[in-house]
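Please read them beside the sequence and the coordinates.

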Amino acid sequence: MTGPSERPSGERFSAARDGERSDSERRGERFDGEPRGERSGGERSGGERFGGERFGGRGERPSGGQRGERPARGGQWGARAGGDRRDGVRRPPRPAVDLPRQVAYEAVAAVHRDDAYANLVLPSLLRDAGLFGRDAAFATELTYGTLRHLGTLDAILGDAAGRDVQRIDPPVRDALRLGAYQLLHTRVPAHAAVSSTVDLVRSVGPGATGFANAVLREVAGRDADAWVAKLAPSAESDPIGHLALAYSHPQWIVRSFAEALGGDLGETTRLLIEDNERPPVHLCARPGLADAAELADDVGGAPGAFSPYAVYLSGGAPGDLPALAQGRAHVQDEGSQLVANALAVAPLDGPDGRWLDLCAGPGGKSGLLGALAAQRDARLTAVEVSEHRARLVEQATRGLPVTVLHADGRTVGAEPKLPEAHFDRVLVDAPCTGLGSLRRRPESRWRRQPSDLPPLTRLQRELLAAALRAARPGGLVAYVTCSPHTVETHVTVTEAARRSGVPVDFVDARPLMPAGMPGLGDGPTVQLWPHRHGTDAMFLAMLRRT
């Protein structure tokens, strides 16, 4: 599956310059970028990687704003009019909600109300609000931290409120989630977290301010560990249930992780902790067009640990980097780079000029493969069934020896431009649940359901079977998913190979990874992990048509 790490644009906010104070700090609320003790290892300020679509995909403004207007930096949406008159002295109006919290609320509400993605909705909200530096970092921290810890926060709020959170009015519920996150996972003082959240509730659900105040004060009575000790099932009698509540993942996902890790609950815990960390931005320096070490120097980053093309970005907005605008680099998780590169470096007998990417959108792996093909006088055909995503592939591969084909990859043999037994190297980056990229898409853990698996695995088998038909005898097929779920990995590959009618052999993928890379298992497939490798949980199976 193509994960969020391969979207064509993104932003990341770093700490403010020395001497700069955030709106929150000016209101007497402490946020220094380090959360206080939490079981999941902590969120850290500095932002996430974002795309660039407008709020909700419809050009909407945050509540209270008028079209064509933007609050000044440090201003507020929905400030109270008329001011305050005490002792005959008129005082300036007290702001209803400070801007970073308002932006975070609008982002979280869009995720739950409109099924939006935070990495797409948040950038436009920050721009419309004129937030940058520490204010933007604080809004980002609140948004992503709340979404990551949603399951545990809801359990705590339900207990504090004496009712299921689904019975709380949605706007008030989202405001309370933000408040609970501040109380339990940041160093914002409790009084500031409570008062600012009550102000927020006053603007979105005026009749619930007393209720919100009472619930938040109950939440503030315990720290995160104490709440987990009260609410989580026993680790001895129900280890999966305990981990699910302690580290805020649905039980079925925790169970699938544990199965993929051989039942090792200690390692499963480390994975869940890593899932709740803010992931770094990874860049891919396109071979022949950019050098990773030089790019790292240019952007103030560091070369990647494993991929020869990876750069870890230390701060700033990658969408503003000249190397990305010039097509010399793109945003891509290091794990995605490694599995695409494995297909390119795998030994191959015979001709090697016809490459195929069967599920190409939005184009991250096609961009890397296209750059590698250019160095070897090869050409890549990039297939994408979605017209919109096909256009993204065209943009991502402009100037490279890549032909983009808007078609269904399963039509190999029926589509004239996808003949059978024709291609030397074939990549199947199959649609999947995306459970391997929950660090980058925290809302996905709450949207995906076990019922999603049957239609996805059927599609995965059909695409892999088509890829095996497309490969020439002796040709290579790389099956890739951004999910460690065994049904989407080992079961899919085994079943597709058995049913395809094409004779294949498994190729040991471990030697195709960088020398000395740890934790690659027993083979022949490779499963990468956030807690082992610092990458998304990418799976790779390499097959050779015999």
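1. Terms and numbering. Helices (H or I, at least four residues) and strands (E, at least two) are DSSP runs, numbered from the N terminus. This is a predicted model, in which local features need pLDDT of at least 70, side-chain atom pairs count only at pLDDT 80 or more, and totals for chains, interfaces and linings use all residues. Residues are numbered from 1 along each chain as its sequence is written, and side-chain values use heavy atoms, with hydrogens and water left out.

2. Cis peptide bonds. Pro524 sits in the loop between strand 12 (504-507) and strand 13 (526-527). The peptide bond that joins Gly523 to Pro524 is cis, with omega about -5°. Another cis bond links Gly361 and Pro362, and its omega is about 0°. Pro362 also belongs to a loop, the one between strand 7 (354-357) and helix 16 (364-375). Please look at both sites in the model.

3. Positive phi. Which phi value does Asp115 have? It is near 55°, a positive value in a residue other than glycine. Asp115 lies in the loop between helix 2 (99-114) and helix 3 (118-129). Its relative accessibility is 55%, so Asp115 counts as exposed; the classes are buried under 20% relative accessible area, exposed over 50% and partly exposed in between (1.4 Å probe, protein chains only). Ser248 likewise has a positive phi near 55° and is not glycine. Its place is the loop between helix 10 (239-246) and helix 11 (251-260). Ser248 counts as buried because its relative accessibility is 0%.

4. The whole structure holds 24 salt bridges, each defined as a side-chain nitrogen of Lys or Arg within 4 Å of a carboxyl oxygen of Asp or Glu. Side chains of opposite charge can pair when their charged atoms come close. Arg177 is buried at 4% relative accessibility. Asp174 is buried too, with a relative accessible area of 4%.

5. Salt bridge between distant parts of the chain. Arg469 and Glu420 meet through their side chains in a salt bridge of 3.8 Å, N to O. This pair links distant parts of the chain, 49 residues apart: Arg469 is in helix 19 (residues 453-470), and Glu420 is in the loop between strand 9 (402-406) and strand 10 (423-429). Arg469 is partly exposed at 22% relative accessibility. Glu420 is partly exposed at 44%.

6. Another bridge, and a network. Arg448 pairs with Asp452 in a salt bridge, the closest N and O atoms being 3.5 Å apart. Arg448 is partly exposed, with a relative accessible area of 23%. Elsewhere, salt bridges that share partners join Asp333, Arg439, Arg440 and Asp536 into one network.

7. Asp199 is part of helix 7 (residues 190-204). Is Asp199 buried or exposed? Asp199 counts as buried, because its relative accessibility is 4%. Its side chain makes a polar contact of 2.8 Å with the side chain of Arg202. The term means a pair of N or O atoms within 3.5 Å; within protein, one must be able to donate a hydrogen and the other to accept it, and residues adjacent in sequence count only if both atoms are side-chain atoms.

8. Residues in strands. Cys284 lies in strand 3. Cys284 is buried, at 0% relative accessibility. Leu405 is in strand 9. Leu405 counts as buried at 10% relative accessibility. The C-alpha atoms of Leu405 and Val383 are 4.7 Å apart, and the two residues are 22 apart along the chain.

9. Asp291. This residue is placed in the loop between strand 3 (281-285) and helix 13 (292-299). Asp291 is partly exposed, with a relative accessible area of 39%.
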